[in-house]
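Please look over the structure shown here before reading the briefing that follows. The points are grouped by topic.

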Amino acid sequence: MIMTNTLPAVPISPVSPTLSLSPIDLSKCSESELGLFLSQRMELVWHGEFDRLFAQYFPHAWYLVPTFCPPTDRWRVFKDSAKVRFSCQECGHGWTSMKGRVIFWFHLNYSTNSGYVMFKLYGQQCQKCKNGNYEHAMWYPEEVVKVIGNVYNRVGQIFYGFVRPPLRIDRRQGKPRNQHNAELCQACKEGLCKEEWSFS
C-alpha cells in the first residue's frame, strides 16, 4: 500500500515569532511562590499550548509524550534552549539558567493518521551541595510557548510544506550570577548542550 502525504483541509501557517501567552506577571511572586506556580502549571502549559497549535494539523492527531529514553533513529530531532529555574530538593538552593535544554523527537505515522512528539527536559546539579542528583527544571510559561512554537514549525516544515518557518531564539530576560557549569549540566554530560538550536 502506498501512503500519501495528505495535507489538512484547512490552511495552516507557521507560528509568528511574536506569539505569546496572555501576560502573567511572575516578577511579583516570591521565590517559593514562583517555584510552586511553575511546577503546578507546567504540565497544563505544555499540553495546552501543544494541543492548541497541533490541532491545526487535522486530520492527523498529534500527541505530546514526555520520555526519559530517546526513540529510534527513524524519528526527527529538534533541540531547543530556554531560560529556566532550578531548586535543589536537598539544600533548598535556587538558581536560574539561560541554558535549559529540551530535546524533541517527532514522527508521523500516515497509516494511522497519528503523530507523536516525544520530549525530554534536562536537569542540572546543585553547585552548593553537589549531591550528584539532577534537579528538574521549572519552565516559565512564555519559554514553553516559544519552544512548542518552534517544534510546531519544524514539524510543519517536514510534513506540511512550511518553507523556512521562523525560529524564535529569544529568551526571558535575566542575568544569572554564575557562568554555565558544564560539569553540573545533564545535557552537557550527554553531549547535547553544545549546539543551541539544531534540527535533523
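How many helices and strands does the protein chain have? The protein chain has three helices and six strands, where helices (H or I, at least four residues) and strands (E, at least two) are DSSP runs numbered from the N terminus. This is a predicted model, in which local features need pLDDT of at least 70 and side-chain atom pairs count only at pLDDT 80 or more, while totals for chains, interfaces and linings use all residues. Residues are numbered from 1 along each chain as its sequence is written, and side-chain values use heavy atoms, with hydrogens and water left out.

**Overall architecture**

- From the N terminus on, the elements of the protein chain follow the order α-β-β-β-β-β-α-α-β.
- Of the 200 residues of the protein chain, 44% count as buried, a term that means under 20% relative accessible area, with exposed meaning over 50% and partly exposed in between (1.4 Å probe, protein chains only).
- Taking contact to mean heavy atoms within 4.5 Å, 75% of the contacts in the protein chain between residues at least 6 apart in sequence join residues at least 24 apart.

**Helix H2**

- The 19 residues of helix H2 (residues 141-159) should span 27 Å at 1.5 Å a residue, and the end C-alpha atoms of H2 are 27 Å apart, which agrees; the expected span is 1.5 Å times one less than the number of residues.
- Because 16 of the 19 residues of H2 are buried, this helix is largely enclosed by the rest of the structure.
- H2 is followed by Gly161, whose phi is positive, near 80 degrees.

**Aromatic pairs**

- A search of the whole structure finds 19 aromatic pairs, with rings of Phe, Tyr and Trp (its six-membered ring) pairing if their centres lie within 6.5 Å, and with planes under 30 degrees apart counted as stacked, over 60 as edge-to-face and the rest as tilted.
- The rings of Trp46 and Trp139 have centres 5.1 Å apart and planes at 65 degrees, so this pair is edge-to-face.
- Trp46 lies in helix H1 (residues 31-54) and Trp139 in strand E5, so the pair ties together parts that are 93 residues apart in sequence.
- Trp46 is buried, with a relative accessible area of 2%, and Trp139 also counts as buried at 2% relative accessibility.
- Phe50, Phe54, Tyr110 and Phe159 are among the residues that form one aromatic cluster.

**Gly132**

- Gly132 is found in the loop between strand E4 (114-121) and strand E5 (138-139), where Gly132 is partly exposed, with a relative accessible area of 42%.
- Gly132 and Leu184 are 52 residues apart in sequence and 8.4 Å apart in space, C-alpha to C-alpha.
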